[in-house]
Amino acid sequence: MMNKSMRLFGAVAMGAALFLSQAGAEAAEKDAAAVEASFHTPTCVLMKFSDDTRFKALESNERFSDLVMEKLLESGKVRLQVQTPINKDVEDMLYNERSQEFIDAKRAIESGDLSAVFEGQAFSDETANTFSTAEQGQIITPSLTGRIGKENEAEYLIHGTIVELGKGAWEDMDFKMGMQVGATVLNNIPGLGIFGSIASMAMQNSHKNDEGFGVVADMRIIRAADGKVVWNKRASVRSKKTKNIGISIYSKDSAELNETDYVKALEKAAGTLVGDMVKDINEHRLSL
Amino acid sequence: MRIKKWIAAAALGALALCLPFDTASAGKLDAYRNMLVAHNYTISYENITPPERIHNRDVVDMTYSFGRIPTPQNYAQKSYSGMIVAQGEKRYVEVNYGGESRISLRQADKTFSFKGIAKKDKVEYKGMNGGKEVTALKFHPENELLYGESFGTSEVSRLLGAMLPASSIPAGLPVYQYVGAGNLGNGLSYEDYRASSSAGLEAIRYYFDGTKLVRIASASYDRDEKGNLVGHKCILKIKDFSAVPDASKLALPENLKVVDHSQQDKGKKKHGFGF
Amino acid sequence: MNWKKIAAVFMACGLMTGAASAQQPAAESYQNMLQQGKFQLEYTYEGESGLTRITTDKGMRLVDKQPDGKDWNLEAFAAGDKIYQFYYEDKKQCAKSLPLNLLGSSSLSPDERWDKKQQALSLPDELSVLSWQDKWTSHPGSLSAPAFTGSSQRNVDGADYDCDQYLCDIRNQAGGVSGQLAYNFLYHEGKLMKVQKYLLHQGQEQLLATLLVVKLDGTVPEDAFASLDNIPLYRADLGDINDLLDVPVQEGTLGGSINAH
């Protein structure tokens with residue numbers, strides 16, 4: 001898409017301009033130190049983010065990965081070996097890496113050799129099952145991360161997951177109990193748990209409460225050599241800047257989308273995640 | 001006719017006895033099984049490997065979702081901790097996401113749901129909508145018999161529920177059978193169970209330090225939408241599992257005001273025909 | 001089975017004793033109308049206000065509710081291969097539809113609660129005893145199908161009824177029975193008035209609910225589906241861009257051909 005590559009070019013150019021503008025007679029020595037320091041910035045590659053929402057078909061993850069890329073380039077804190085996100089599905093790659101392990105493990109369990117599975121590497125506390133559930137300190141299959149790192153000459157992989165997208169106050173959606181709903185309905189629906197089916201029973205209107213568009217997204221930095229997740233943050237943001245546009249049919253590539261809270265919220269989330277990363281680097285909570 | 005019926009009943013009884021009871025495993029798990037059956041315990045755990053997100057699938061089959069505390073959407077895929085306290089007809093079930101907890105409390109024939117938010121050294125309790133009111137609903141004893149006991153989330157309910165004797169688990173759920181026991185090099189010992197059902201294959205290993213249950217690990221394998229074999233794991237670190245119920249949890253927090261929707265009339269009026 | 005009868009004798013109140021006799025003559029006609037899918041049912045529960053109405057005819061089922069004795073609110077509807085739910089948009093009645101084969105889809109919106117709407121179409125538990133295989137009613141795997149255990153006379157709240165009793169076992173994995181659900185169908189002069197539901201567990205008997213049958217007959221009024229006329233119909237949220245931005249797509253109007261007899 002023309003717009004996308006122009007935006008990236010703009011960001012790279014801006015980064016370069018910022019760098020060059022520091023060259024000034026009075027700050028010559030500082031410049032030398034700054035230039036030297038920049039050579040120690042860690043080499044990274046950005047993997048396309050995963051989308052764990054029910055809106056997978058909309059490819060928000062591609063859009064989001066591009067936004068994160070822009071912010072990373074602007075930050076100047078990391079050196080990106082590839083100027084666009086690596087367009088491969090990391091969870092698929094991880095699955096392929098582990099598929100034989102699953103077959104072997106299932107066979108071992110069926111034959112009664114459970115220790116082969118439970119006392120194996122995959123079951124240590126540190127081993128993460130998937131990229132999206134990996135927490136800080138856990139390890140994702142090093143054979144995969146090492147290979148990606150080598151292919152791209154990157155010390156670190158940056159990856160993330162979109163966990164939630166949508167309008168309305170969904171933070172507590174599962175738990176909202178309509179207080180005005182009498183016991184009638186609740187007592188006589190067989191088998192419903194206390195927490196089931198009570199939310200939105202009182203909701204007559206189809207439009208959710210308009211609290212703007214929300215995004216919950218994770219970003220993690222993985223050391224390629226040993227697969228360790230060295231940093232992992234979650235951002236939960238909302239954007240409520242635009243009024244409801246009444247047009248009823250969009251396609252996921254429509255230009256109008258750029259003006260909606262959906263895209264603005266994704267931008268805000270990307271900014272928050274990269275901003276948190278920069279802050280943690282600056283305050284020495286993260287050293288790459 | 002009568003004799004035949006008697007034989008049939010005896011045969012059924014004999015068959016019932018022959019069914020693989022997990023209590024056939026003489027073992028360290030028995031002490032815990034007995035606590036669960038007696039409804040007299042405090043369990044505190046940490047789930048360090050939460051499952052991947054599954055959309056909507058768990059609300060479709062009531063057997064797997066009854067009484068389960070669902071994960072708030074902004075805590076999806078995060079590890080969590082929890083606690084279950086039981087004493088006779090009282091039961092406290094909590095799932096805690098980084099200091100924010102969801103709690104279900106049963107006292108005799110009433111149930112309550114509320115939230116807890118950790119602030120410094122204490123916990124602030126609120127109703128589900130953030131205010132001070134909590135709704136009392138009627139407890140339905142038949143639902144536990146029909147769908148099984150809930151220990152919090154689906155995953156934890158499955159792993160702890162597998163410890164119950166077969167007579168306490170409703171028909172239709174996967175049957176966990178004892179596989180074996182042994183010792184590990186690090187001083188821990190284990191007991192293994194395995195179930196195979198339409199949902200897939202699962203093995204659960206209960207780890208003991210001496211006779212103390214310290215960890216539960218589960219390995220499960222099923223097919224995804226594309227038909228590929230996928231493995232999942234779940235590890236619960238058991239922080240506490242004792243026969244001493246924590247009584248402080250079994251009382252409703254004082255600051256919450258009860259709105260009672262639990263009472264039905266049950267025929268106190270004279271109805272005659274019609275109502 | 002022998003052990004079931006022993007349990008019945010052991011429990012003094014409410015349960016049938018003695019040899020099984022025949023169901024009420026009226027029971028068969030109720031079973032037929034429910035199983036053949038042509039009936040209109042209005043019911044509530046003792047101690048609660050508000051009626052629920054289920055109208056079934058020609059493969060369609062409509063459920064509406066009357067919470068306060070005044071207006072009927074549309075709840076759920078199924079016809080053909082679709083399920084429908086209803087809501088208000090700026091005080092105007094609207095509907096959403098979902099193809100049945102998408103009911104378990106992972107792209108459904110949890111806000112639309114299609115699972116709850118599917119359940120709303122089911123017969124109340126007490127009446128499902130007469131039509132266990134009802135298309136819209138599901139039963140837990142642990143519950144056995146009901147067995148008729150006997151008839152007798154009963155006096156409930158000062159009135160005499162002819163009572164038919166059915167028992168369902170709640171089975172456990174040990175091959176035994178953890179408890180039983182007992183249903184007492186109370187008839188007066190051939191008309192079903194109430195159904196009491198009991199839990200029998202550990203030697204105890206507990207009344208769980210009493211269903212009050214306001215109306216149950218095999219004739220469906222001509223205008224039973226008239227309220228479904230001219231309702232703007234939207235597509236269910238299925239994870240597309242309109243779903244994300246909360247701008248539902250109109251599919252047409254509910255009514256017209258659906259009401260044609």
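Analyst: Confidence first, then. Among the elements of chain A, helix H7 (residues 183-187) has the lowest mean pLDDT, at 33, while helix H5 (residues 115-118) has the highest, at 96. Here pLDDT is the predictor's confidence in each residue, from 0 to 100, and helices (H or I, at least four residues) and strands (E, at least two) are DSSP runs numbered from the N terminus. Chain A averages 77, with 68% of its residues scoring at least 70. Over residues 172-208 of chain A pLDDT stays under 50, and the model has 110 contacts beyond four places in sequence for that stretch (contact means heavy atoms within 4.5 Å). Where pLDDT is low, the predicted coordinates should not be read in detail.

Some bookkeeping: this is a predicted model, where local features need pLDDT of at least 70 and side-chain atom pairs count only at pLDDT 80 or more, while totals for chains, interfaces and linings use all residues. Residues are numbered from 1 along each chain as its sequence is written, chains are lettered from A and ligands numbered from 1 in the order in which they are written, and side-chain values use heavy atoms, with hydrogens and water left out.

Now the rings. A search of the whole structure turns up 19 aromatic pairs over all chains; rings of Phe, Tyr and Trp (its six-membered ring) pair if their centres lie within 6.5 Å, with planes under 30 degrees apart called stacked, over 60 edge-to-face and the rest tilted. Tyr41(B) and Phe241(B) make a tilted one, at 6.4 Å centre to centre and 55° between the planes. This pair links distant parts of chain B, 200 residues apart: Tyr41(B) is in strand E1 (residues 40-47) and Phe241(B) in strand E12 (residues 229-242). Tyr41(B) is buried at 0% relative accessible area, and Phe241(B) is buried at 9% (buried is under 20%, exposed over 50%, partly exposed in between, with a 1.4 Å probe and protein chains only). Together with Tyr32(B) and Phe208(B), they form one aromatic cluster.

Helix H6 (residues 154-161) of chain B is mostly covered, with six of its eight residues buried. Those buried residues pack against several elements of chain B, including E1 and E12.

Elsewhere, Phe114(B) and Tyr125(B) are both buried. There are also charges over rings (NZ of Lys or CZ of Arg within 6 Å of the ring centre and within 35 degrees of the ring normal): Arg91(B) lies over the face of Phe151(B), 5.1 Å from the ring centre, and Arg106(B) over that of Phe139(B), at 3.6 Å.
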